[in-house]
Amino acid sequence: MTNSSLANEGNGSTMAKCGGSGLGDSTVSLQATLTLLYAIIFPVALLGNSLVLYVVFKRQSMRNVLNLLIVNMAVADLLVTIFVMPWSVSYLFVILQWFGGIFGKILCKTIHFSFTTSLAASVITLMVITVDRFLTIVFVWKTCLNLRTSKVSLVIIWIMSIVIMGHYLEVFKVNQPLKDVGNDNYYCHPDWQRMPAHFDKFFNVTVFVALYAFPLILMAILYSMIIHKLWRERIASGGDTNINSSKKRVVKMLITVTLAFAVCWLPLHIMHYYIYFEPETFTCMSSYLVLMSFWLGHANSAINPVLYVIFNKTFRRAFLQALHIESFNSIHLRTSIVRVTSDRRSSSPFTPTKTSFKNGNNNEESHPYTPPISNSRSHKEIYAYGKLIQRNEHSKSSNSCSDDGKTNRRSIMVVMDKMTSV
C-alpha cells in the first residue's frame, strides 16, 4: 500500500523488456511536478484535520456521535499527512535508500504501518458512520451509538486496524541488500519471504475485498435506503423541505466523502493488482501514472476536511472562528441590521420634521410634520417589539449550550417575521 511496493518487481530483466525505463528513472520534471502537488495537499491536510480536532474538542456543542467519528477519520488522515507524505517526497529523490541504526528501523516500520493502519481505520469508520446514520434515519426510534458507546467504538476500530495491518511491522526491514556488489547503502523495503508462500498476493486480495469492495457495496445499499426513506418523508410531509433538511445535509456530506474515498483509492488498488499479479506489465507503466495513483490516495487526507467545510455549516462556522476569520454572510447580516436600524430611526413617524412653505404673504412658515393616522402599529412599536424579542433570545442563549451565533440569527428572523406579519 506504499511506494515501497514499487521495488518488489523492478528487476533488471523486466526493465530491459521496456527499454530500460524503470520506475527508478525519476526525471526532473516528475520530481518537480509531484513535489509541487505534495506541497499543495500537505498544508491543507495538516491544517484542515488539525482544525477538525480542535473545534470538536474545544466546543462542547460539537461533541456528538457523528463528529467524534469524523475526528477519528481526521486522526487517520493526520497519520498519513505526518508520516507518509514527507516520505513519498523523499522517495522521488532517493527511492528506497534509508539510514541504519535502531532509529532507522523504527521509522521505516512506523511509516508503512501508520499508512496501512490509517487506511483500515478510515474505511471501518466510514462503515460505522453509515450504519449509524442508517439506523438513526430509517429506524427512527433505534439508537446505534451514543457518546459513551461511540468512544468505545473508536478504540475497537483502531484495535481492528492494528490487527489487520500488524504484519507490516514484521515485513518491513532495513538492511544492505546490495553490499555484495559494492553498494553499502541502507534500504527500507518489505521482505515477503519472511511470511508464508504467496502471502503478499493473498493479503492484497483480502485488503481489496475487505477494505474497498465490500465497504463500498454496503455503503451504497444503506445510503440508497436512506435516500428512499427521506424521499418518502418529503412526499408525506407535503414537500416541506425544512423537516429533514439537516438530515439531508449530513447524508449529502457523507455520500460525497464516501465517493471521494472510492475515487481516490481505486487507482492505487489497480496498481497493486499489477504489482503482485502482473509485474511485467506494471514495470513497463509510466512513472507518472504509477506515482500519481499514490499521490491521489494520499490526497484523500486533504480532501476530507475540505468537504466538511463545504457541506457542514457548523464546521464551516467553527473553522472560520478558529482562524479568526468572519464569514461574508455574518458581515453582510450585521451590516444589513445596522442599515435597517439606521433607516428606521431616521424615518420614524415620531421624528419631528419641519416642512417649509410660503403663505399668501410670501413669508415662510414652519410646521411640524404630522404623521398620517393609521390603524396599524407604528414602525417604532414594531422595532421596540423586535428588540425585546432579540434581547430575550440573547439571554436564553447565554444560559444554555447554543451553537455560536445560531440563536442570534434566529432572533433576527423572528423579528423580521413579526415586522412583516403585523
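Before I turn to the helices, one definition: the axes I speak of are lines fitted to C-alpha atoms, for helices over the stretch in contact, and the angles run from 0 to 180 degrees between N-to-C directions. Two packed helices are described by the angle between their axes and the distance between the axes.

With that in hand, please look at helix α10, residues 287-311, and helix α11, residues 313-322, in what is a predicted model, where the two pack at an angle of about 105° with their axes 5 Å apart. Since angles of 65 to 115 degrees count as roughly perpendicular, α10 and α11 are therefore roughly perpendicular to each other. On the α10 side the contact is made by Pro305, Tyr308, Val309, Ile310 and Phe311, and on the α11 side by Lys313, Phe315, Arg316 and Phe319. By class, that contact of α10 with α11 divides into 7 nonpolar residues, no polar ones and 2 charged ones.

Helix α2 and helix α10 have axes 8 Å apart and an angle of about 20° between them, which makes α2 roughly parallel to α10, and their crossing is left-handed. The residues of this contact comprise 18 nonpolar and 7 polar, with no charged residue.

From α3 the contact involves Val65, Leu68, Leu69, Asn72, Val75, Ala76 and Leu79, which meet Leu147, Ser150, Lys151, Ser153, Leu154, Ile157 and Trp158 in α5. Counted by class, the contact of α3 with α5 has 10 nonpolar, 3 polar and 1 charged residues.

Let me set this beside the record. The unreviewed UniProt entry lists residues 36-57, 69-99, 119-140, 152-169, 202-226, 253-276 and 288-311 under "transmembrane region". Among these, residues 253-276 are 100% helix and 0% strand in the model, with end C-alpha atoms 35 Å apart, while residues 288-311 are likewise 100% helix and 0% strand, with end C-alpha atoms 32 Å apart.

Finally, how far does the confidence go? The mean pLDDT of the protein chain is 77, and 68% of its residues reach 70 or more. Confidence is highest in helix α2, residues 28-58, at a mean of 94, and lowest in helix α14, residues 406-421, at 41. Over residues 19-25 pLDDT stays under 50, and the model has 11 contacts beyond four places in sequence for them; over residues 348-378 pLDDT also stays under 50, with 26 such contacts. Where pLDDT is low, the predicted coordinates should not be read in detail.

Notes: Residues are numbered from 1 along each chain as its sequence is written. This is a predicted model: local features need pLDDT of at least 70, side-chain atom pairs count only at pLDDT 80 or more; totals for chains, interfaces and linings use all residues. Side-chain values use heavy atoms; hydrogens and water are left out. UniProt positions are given in the numbering used here, feature names are shortened, and annotations may be inferred rather than shown by experiment. Helices (H or I, at least four residues) and strands (E, at least two) are DSSP runs, numbered from the N terminus. Contact means heavy atoms within 4.5 Å. Ala, Val, Leu, Ile, Met, Phe, Trp, Tyr, Cys and Pro count as nonpolar, Asp, Glu, Lys and Arg as charged, and the others, Gly among them, as polar. pLDDT is the predictor's confidence in each residue, from 0 to 100. Angles under 35 degrees count as roughly parallel, over 145 as roughly antiparallel, 65 to 115 as roughly perpendicular and the rest as oblique. A crossing is left-handed if the near helix is turned anticlockwise from the far one by less than a right angle, and right-handed if clockwise.
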